[in-house]
Amino acid sequence: MKNNAFRGPRGLLGTVTLVAMSLGAPAMAQDQLSIATGGTGGTYYPVGGGLAEIVNNHVEGYSATAEVTGASVENMGLIATGDADLAIALADTVAQAYTGTGKFEGQQLDMVRGLASLYANMVHIVALESSGITSLEDLRGKRVSIGAPGSGTEVNTAAILAANGITYDDIDEQRLNFNETADALANGDIDAGFWSVGAPTSSILNLATTQDIVIISLTQAELDAAMAADATFAMTTLPSGSYTGVDEEISVLGIPNVLVVSSEMSDDLAYALTKAMFENIAELQAVHPAANETTIEFTMGATPIPLHPGALQYYDEVGADVPDDLRE
């Protein structure tokens, strides 16, 4: 995947459950940072836990905890209110928050800033083999999980369906998180579900061990329609063998995930966080293979909002070629 494929235009709150991730906080007093992630069945949560470990081990005077949230849309609200210090969110949601468009119409969050872009989500459309569903058009009239309320999956699902002439009137939409979607598929309560997530992800891995699944491949025309409707989409490939029963490569839509902070964060802290992450990236890669994409080059090509001045200090220090639109 070419990183520059993700260059796009610049660009709710819910209840959040604080979950400690066995992080072994030091005995001395530390300033606590919260990292807003997503549900436990996706990729944000383990990646957020890995980021917390890096903070705990390599950023002096700070400790961090990963939080379970409703994901991208909710996470932007948590940054705006100061209820989270860092957050992971999909690039289209981040761009909408920054510009006050889409889900954030009338409530622009122009304080959001990027630290880095982490990896690309892949939009999975999953059904059981027994359902007979083999195409996007087959979803008409079916019970479909479109993602949890306040999630980037819900934003992505709506964009893909609308770009291809399918509305929620054409399906029986269910708003379920990743684990709920997997359970509902296994139990026959829904016919298909959308995941926008780093691959492979635990909820689909677990589902595929007990059920014969299919991952729907979009046609080139459907891919083109979605990319024309949303410039943060790009075509990418889900590798064969990602899940049990997925024996061939599948063309899917990809969209970057951005690590976001508030412009109110101090330059020193933003610099320390960015430096610690990239200088210890192997620790994050050991937590989840999606972090193999977490590079400075990916950040330069995939971030849809300005970078925090503290992060820019680090990128300038290491000689990164920073696009003008990532500077304020």
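1. On a 1 Å grid over the protein atoms alone, a cavity is a set of points where a 1.4 Å probe fits but cannot get out, and lining residues have an atom within 4 Å of a point. Grid points are joined across faces, edges and corners, and a volume is the space filled by probe spheres set on the points.

2. The model is predicted: local features need pLDDT of at least 70 and side-chain atom pairs count only at pLDDT 80 or more, while totals for chains, interfaces and linings use all residues. Residues are numbered from 1 along each chain as its sequence is written, and side-chain values use heavy atoms, with hydrogens and water left out.

3. The lining of the largest cavity includes Ile35, Leu51, Ile54, Val55, Leu86, Leu115 and Ala116, together with Leu259, Leu273, Thr274, Ala276 and Met277. Eleven of these residues are nonpolar, one is polar and none is charged (Ala, Val, Leu, Ile, Met, Phe, Trp, Tyr, Cys and Pro count as nonpolar, Asp, Glu, Lys and Arg as charged, and the others, Gly among them, as polar).

4. At least two residues of that lining come from each of α1 (44–58), β5 and α8 (267–279); helices (H or I, at least four residues) and strands (E, at least two) are DSSP runs, numbered from the N terminus. The largest share, four residues, belongs to α8.

5. Helix α8 has 13 residues and spans 18 Å from its first C-alpha to its last, close to the 18 Å expected at 1.5 Å a residue (1.5 Å times one less than the number of residues). Its buried residues (under 20% relative accessible area, 1.4 Å probe, protein chains only) are Leu269, Ala270, Tyr271, Leu273, Thr274, Ala276, Met277 and Phe278.

6. The second largest cavity has a volume of about 50 Å³. Val123, Ile125, Ile160, Ile216, Leu218, Ser251, Val252 and Leu253 line this cavity, seven of them nonpolar, one polar and none charged. The strands β5 and β11 (250–262) each supply at least two lining residues, and β11 gives the largest share, three.

7. The largest pocket (an open set of points with protein on both sides within 12 Å along at least five of seven lines) holds about 340 Å³ of space. Gly38, Gly39, Thr69, Gly70 and Ala71 are the closest to its centre among 29 lining residues. Two or more lining residues come from each of α2 (72–81), β5 (112–128), α4 (152–163) and β8 (192–197). By class, this lining has ten nonpolar, 18 polar and one charged residues.

Notes
Buried means under 20% relative accessible area, exposed over 50%, partly exposed in between (1.4 Å probe, protein chains only).
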